[in-house]
Amino acid sequence: MSPIPARPSRAKTVDRDMRRAPGSSGLCLAWSYQLYCPCLASLYFCELVGAHIYAKATFLIVIIVALVLATIFINFFIVGPIVVMLPGNSGLNGTSSRTANYTSFRRLTFEGNLLPNYTIDYTTGAMMSFAKVFAVMFNGCTGIMAGSNMSGDLKNPSYAIPRGTLAAVLTTFITYNVLSVLVAGSCERNLLQKDYNFLGDINIWPPLVTIGIYSSTISAAMSNLIGASRILYALSKDNLFGGFLSLVRKTSLSGNPWASVLVSWLLVQVVLFAGKLNTIASIVTIFFLLVYAAVNLACLALEWASAPNFRPSFRCFTWHTCTLGILGSLVMMFLIDAIYAFGSIAFMMLLLMLIHYLGPISNWGYISQALIFHQVRKYLLMLDVRKDHVKFWRPQLLLMVANPRSCTGLMTFINDLKKSGLYVLGHVKLGLLDGMPSDPLQSRYDSWLSLVDHLNIKAFVNLTLANSVRHGVQNLLFITGFGGMRPNTLVLGFYDDCIHEDDLEGKILLSTGTGFDAVTPSIDPGELRSPFFPKLRSAEDLKDLGGEEYVSLIADAVKMGKNVTLARNFNQFNREVLDSGKKIRSHRRTTGPFVDVWPLNLLRPDSRAYVDICSLFLLQLACVLQETRAWKHARLRLFLCVEAGCSLKKEEEKKLRSMLKELRISAQVQMVVWDQVLELHWQRQGGKVRGNPVESAQNEETRERREEAEKQNGFQLFPNNAAQLTDEYICAVNNLIRKHGAPQPAVRFLYLPRPPADTSLYCAYLRQVDMLSKDLGPTLLIQGVTPVVTTDL
């Protein structure tokens, strides 16, 4: 083979001073950084003018770079083999050859460059690897996001961004791969490793390559600077980080965000002080890979959420490509540097947390809501009501609220009672849709949801329009919920003449981004979202429903197989009792708030059943309440009404304690002797001969027949017994409950009898329940119709 003629190296002084070869003086690198300041300063002033200058400059730069690339490709075909003089101090050990060969296209040269042979990084002194070379080279491919970063300055972003991005990716892919093949087939490895300006050495006119390098560098710098400043301005404009970025929100008269440009420019200057450009390139590559992974994750989430408006025009888009992009980006991040990768992910999580807690409520939509909807719908279809079992029973409550101004305490208490079950706030607005221009309820949902956030309760809201409260409640019982998530218990406030206080008086609900807080109305009302709730009813105003209609609500719910709970005196409920119980327990004392349970039907004194469905339902609800976090220090007290000297006393107590043990319910059982109270009832019935076995057997047989008939028919067949209860007896029962309520319990659970079958007795029924629960403090009167406990495994 004939020797290759030597050709004097036409090395460019600027290019060789701007890179630090192994063994070269650090003064060259320090001098090179002096050039960055005026370059970046000039770019900064260009950016201050506006994006239109960048667009015009980019068009000119694209022409220059395209011409330079064309000459580079042509040179590989017209320039023959030459010997290139390597720059001084370029040898790795100081003893290597001072020359390298440009062989033109040769098979041996191509084969010699196929396998890797990494050398030491001149900036860090560490051995290079594929991942580190990838990190440095990847920065040349990050311009594909420039269009997305400038979406606010584009005339038609939806048209320009996808076409520009795909064109940039395709052009970059073809250019880099063709250039790599041409270089690998014509330049020896020694030339590639030791002369970073070899393209200029083999070019017909070497300054042309220098012009192309500076042009592409300036283009990339301008693109990243304007993209970063626009993103920073968008973050500040959307107020995602609260007032932290308020300073960069300033713009010029033409709308150019000069403050964000200035901050971005200063950050670039600070980063350059690190000195090790390859290290900076690795960190930048990791962050770009994280951005690409996040973009792919967003597209994958939209695809999984099956959002109808997500219709990507890219034909090759599938969830497989998104997954491949996520995995590829994450793998390369950790291959480049695991520590930097973990740090970037932690930084991203910190930003997400700041956005979550500092950012306002946005109107551009949340992908999380689409995903939640998709998953909830799927699992609701899987929640088969035919597979319900009593072992997995939980309370699913529908609380009817006439006006939330008077019952915030009850709403909070029922939130404790739900125990991870369904909780729905129901409201009936009287009226008919006929003649109305639109649905009057749609505008009120925001106020109700604001109240839910303010009270910090986990509840749904369901409003309905009906011509009567009874029809409205029936509608809600029929339609509320989906599949297996439907209310099984109706909760009503008690029907009395009590005048309640306004719990929301002087409060306006303020939107804070993550919820709503109550504030005083001294803040500018224009910045507040004020809920619309009517004023409380005065003593002179008529009620929306009468007593008979109220009892009809109870009867309707029982007929529909729903449990019924009447809540009374919860305007007296004080949650500070629960907090005091926690403090007492922290001092290792056993005293805490009490929950009293009276499982006997006190309005049916001839009934002795402690283990019927309703009694067990009372116990279950009390136990569920005790298991919640706020009530975990409460203690259950179970009261059994017995007759003195009765042989069934010990037997009933033993049976009940055994049942509590099987159900794993911890409760303090107290026996209550109520002979004097019973005498008031039997005297009204015509007297009772105590101790007569014949009469006792007859009464027991009659009671058993009646209970069996009522169980089969679902209502009381013989309400006359209830109608014959005297006020004296009911007042005596009320006094008995209050007498055994020391210390005062936080809440009481009482047995609510079923409404009578004869509607003419509804008023008498309501009057008896009113007398029974009068002045007892917070009380729940409960009628349970569904089995809720079992001892079967």
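Helices and strands are named here as DSSP runs, a helix (H or I) having at least four residues and a strand (E) at least two, and they are numbered from the N terminus. The views below show a predicted model.

**View 1. The loop that holds aspartate 775, between a helix and a strand**. Aspartate 775 lies in the loop that runs between α27 (762-772) and β15 (779-783). Although aspartate 775 is not a glycine, its phi is positive, at about 60°. Most residues other than glycine have a negative phi. The relative accessibility of aspartate 775 is 53%, and because exposed means over 50%, this residue counts as exposed.

**View 2. A cis peptide bond between alanine 742 and proline 743**. The bond that joins alanine 742 to proline 743 is cis, with an omega of about -5°. Most peptide bonds are trans. Proline 743 is placed in the loop between α26 (727-739) and β14 (747-751).

**View 3. The open sheet of 10 strands**. The strands follow the order β6-β5-β4-β7-β10-β15-β14-β11-β12-β13, and their pairing is mixed. At the edges stand β6 (460-466) and β13 (668-673), and because each has a single partner strand, one side of each is left without a neighbour in the sheet. From one strand to the next, the twist averages 25°. Helix α19 (residues 547-559) packs on this sheet, where the helix touches β7 (489-493), β10 and β15, and the direction of α19 makes about 170° with that of β7.

**View 4. The pairing of β4 with β5**. Strand β4 (residues 397-400) and strand β5 (residues 423-430) run in the parallel sense and pair over 4 bridges. Within this pair, methionine 400 stands opposite glycine 426 of β5.

View 5. When residues up to four places away in sequence are not counted, alanine 667 touches Leu636 and Leu660. The C-alpha atom of alanine 667 is 9.6 Å from that of leucine 619, a residue 48 positions away along the chain.

**View 6. The packing of helix α12 with helix α14**. Two packed helices are described by the angle between their axes and the distance between the axes. For helix α12 (residues 277-305) and helix α14 (residues 338-358), the angle is about 50° and the axes are 10 Å apart, which makes α12 oblique to α14. The crossing of these two helices, α12 and α14, is right-handed. On the side of α12 the contact is made by Thr279, Ile283, Ile286, Phe287 and Leu290, and on the side of α14 by Tyr340, Ala341, Ser344, Ile345, Phe347 and Met348. Of the residues in the contact of α12 with α14, 9 are nonpolar, 2 are polar and none is charged.

**View 7. The packing of helix α10 with helix α11**. Helix α10 (residues 206-237) packs with helix α11 (residues 258-272) at an angle of about 125°, and their axes are 8 Å apart, which makes α10 oblique to α11. The crossing of α10 and α11 is right-handed. In the contact, Leu225, Ala228, Ser229, Arg230, Leu232 and Tyr233 of α10 meet Ser260, Val261, Val263, Ser264 and Trp265 of α11. The residues of the contact between α10 and α11 comprise 7 nonpolar, 3 polar and 1 charged.

**View 8. Serine 186 in helix α7 and the residues around it**. Serine 186 belongs to helix α7 (residues 157-186), and because its relative accessibility is 0%, serine 186 counts as buried. Apart from neighbours within four places in sequence, serine 186 is in contact with Phe76, Asn101, Tyr102, Thr103, Ser104, Phe105 and Thr109.

Definitions and conventions
Residues are numbered from 1 along each chain as its sequence is written. This is a predicted model: local features need pLDDT of at least 70, side-chain atom pairs count only at pLDDT 80 or more; totals for chains, interfaces and linings use all residues. Side-chain values use heavy atoms; hydrogens and water are left out. Buried means under 20% relative accessible area, exposed over 50%, partly exposed in between (1.4 Å probe, protein chains only). Axes are lines fitted to C-alpha atoms, for helices over the stretch in contact, and angles run from 0 to 180 degrees between N-to-C directions. Angles under 35 degrees count as roughly parallel, over 145 as roughly antiparallel, 65 to 115 as roughly perpendicular and the rest as oblique. A crossing is left-handed if the near helix is turned anticlockwise from the far one by less than a right angle, and right-handed if clockwise. Contact means heavy atoms within 4.5 Å. Ala, Val, Leu, Ile, Met, Phe, Trp, Tyr, Cys and Pro count as nonpolar, Asp, Glu, Lys and Arg as charged, and the others, Gly among them, as polar. Two strands pair if DSSP finds at least two bridges between them.
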